[in-house]
Amino acid sequence: MTKKTGNSQLTDYHGKRDFTRTAEPISGTSSPDGCLFVVQRHRARRLHYDLRLELEGVLVSWAVPKGPTLDPEVRRLAIHVEDHPLDYAWFEGVIPAGEYGGGDVIVWDRGDWVLARERASDAKTAIQRGNLHFDLYGEKLAGRFVLAHRSGDQWLLLHKHDQWAVSPWDPEAHPFSVLSGRNNEQVAAAPE
Ligand code: MN
């Protein structure tokens, strides 16, 4: 486990937050196999889900307003946001009102992700090209997903037709944290 501090990829993340006011993590440690993914359900000004993929010491992140789905008929808007520290994969709690992203957060799903190597030699190149094919091995999400760049910070997230596809499939029907078993309302009521 390597402690990562002062990672220049986290400049945007650090700049948006006052760590004397929020309990969100400042830095993070690498996972043993380096392929962690997490999805957090975040009730901020607007409800959204945050999809984060571990890559080169940080969590590359997209905010998905309607959440990820196993339904291969659905394409979901995904907004590319700032890289987050690896310890964010364990963050569940309340960001104070008035702070960046103020609201409650649960660890909605977590597991490993694997680049689809038949589509790209490495994940960084695939993201730079705006076309990332990957498999998720979570408790809720599984199978082949694609993140496809559209314009600016806008991407599309979709699930391929495979043995893990389910239609229809609504993330809101699976509201509990894989970390604590609590939902957002319960975390908001008792953050500790
Ligand atoms: Mn968020």
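This tour moves through the structure selection by selection, from the metal site to the salt bridges, the pockets and two further residues.

The model is predicted, so local features require pLDDT of at least 70 and side-chain atom pairs pLDDT 80 or more, whereas totals for chains, interfaces and linings use all residues. Residues are numbered from 1 along each chain as its sequence is written, and side-chain values use heavy atoms, with hydrogens and water left out.

**Stop 1: the manganese ion**

Begin by selecting the manganese ion together with His42, His48 and Asp50. Its protein donors are His42 (ND1), His48 (NE2) and Asp50 (OD), at 2.2 to 2.3 Å from the ion. Donors are N, O and S atoms within 2.8 Å of the metal (3.2 Å for Na, K and Ca), and the site may look incomplete because water is not among the atoms. Along the chain, the donors of the manganese ion show the spacing H-x5-H-x1-D. His42 and His48 are both buried; buried denotes under 20% relative accessible area, exposed over 50%, and partly exposed the range in between (1.4 Å probe, protein chains only).

**Stop 2: the salt bridges**

Side chains of opposite charge can pair when their charged atoms come close. Here a salt bridge is a side-chain nitrogen of Lys or Arg within 4 Å of a carboxyl oxygen of Asp or Glu. By this rule, the count is 10 salt bridges.

Select Glu99 and Arg21, whose closest N and O atoms are 2.6 Å apart in a salt bridge. This pair links distant parts of the chain, 78 residues apart: Glu99 is in the loop between strand E7 (93–95) and strand E8 (103–115), and Arg21 is in the loop between helix H1 (11–15) and strand E2 (28–29). Helices (H or I, at least four residues) and strands (E, at least two) are DSSP runs, numbered from the N terminus. Glu99 counts as buried, at 18% relative accessibility.

Next, select Arg43 and Asp104, which form a salt bridge of 2.8 Å, N to O. Arg43 belongs to strand E3 (residues 36–43) and Asp104 to strand E8, so the pair ties together parts that are 61 residues apart in sequence. Which of the two partners is buried? Asp104 is buried, with a relative accessible area of 7%, whereas Arg43 is partly exposed, at 27%.

Then select Lys124 and Glu56, whose side chains meet in a salt bridge of 2.9 Å, N to O. The two residues are 68 residues apart, and the pair links distant parts of the chain: Lys124 is in helix H2 (residues 123–128), and Glu56 is in the loop between strand E4 (47–55) and strand E5 (58–64). Lys124 is partly exposed at 35% relative accessibility, and Glu56 is partly exposed at 49%.

**Stop 3: the pockets**

A pocket is found on a 1 Å grid over the protein atoms alone, as an open set of points where a 1.4 Å probe fits, with protein on both sides within 12 Å along at least five of seven lines; lining residues have an atom within 4 Å of a point.

For the largest pocket, select Ala44, Arg46, His48, Ala63 and Tyr100, which lie nearest its centre among 21 lining residues. The elements that give two or more residues to this lining are E4 and strand E6 (75–85). The largest pocket holds about 560 Å³ of space. Its lining comprises 9 nonpolar, 4 polar and 8 charged residues.

For the second largest pocket, select Leu55, Trp113, Leu115, Arg117 and Ala123, which lie nearest its centre among 13 lining residues. Its volume is about 170 Å³. E4, E8 and H2 each supply at least two residues of the lining, and the largest share, 3 residues, comes from E8.

**Stop 4**

Select His133 in strand E9 (residues 131–138). His133 is buried, with a relative accessible area of 6%. Its side chain makes a polar contact of 2.9 Å with the side chain of Asn131, and another of 3.4 Å joins His133 to the side chain of Arg119. A polar contact is a pair of N or O atoms within 3.5 Å; within protein, one must be able to donate a hydrogen and the other to accept it, and residues adjacent in sequence count only if both atoms are side-chain atoms.

Last, select Lys140, in the loop between E9 and strand E10 (142–151). Lys140 is buried, with a relative accessible area of 17%. Lys140 and Asp104 are 20 Å apart in space, C-alpha to C-alpha, and 36 residues apart in sequence.

Key
Points joined across faces, edges and corners; volume = space filled by probe spheres on them. Nonpolar A, V, L, I, M, F, W, Y, C, P; charged D, E, K, R; others polar.
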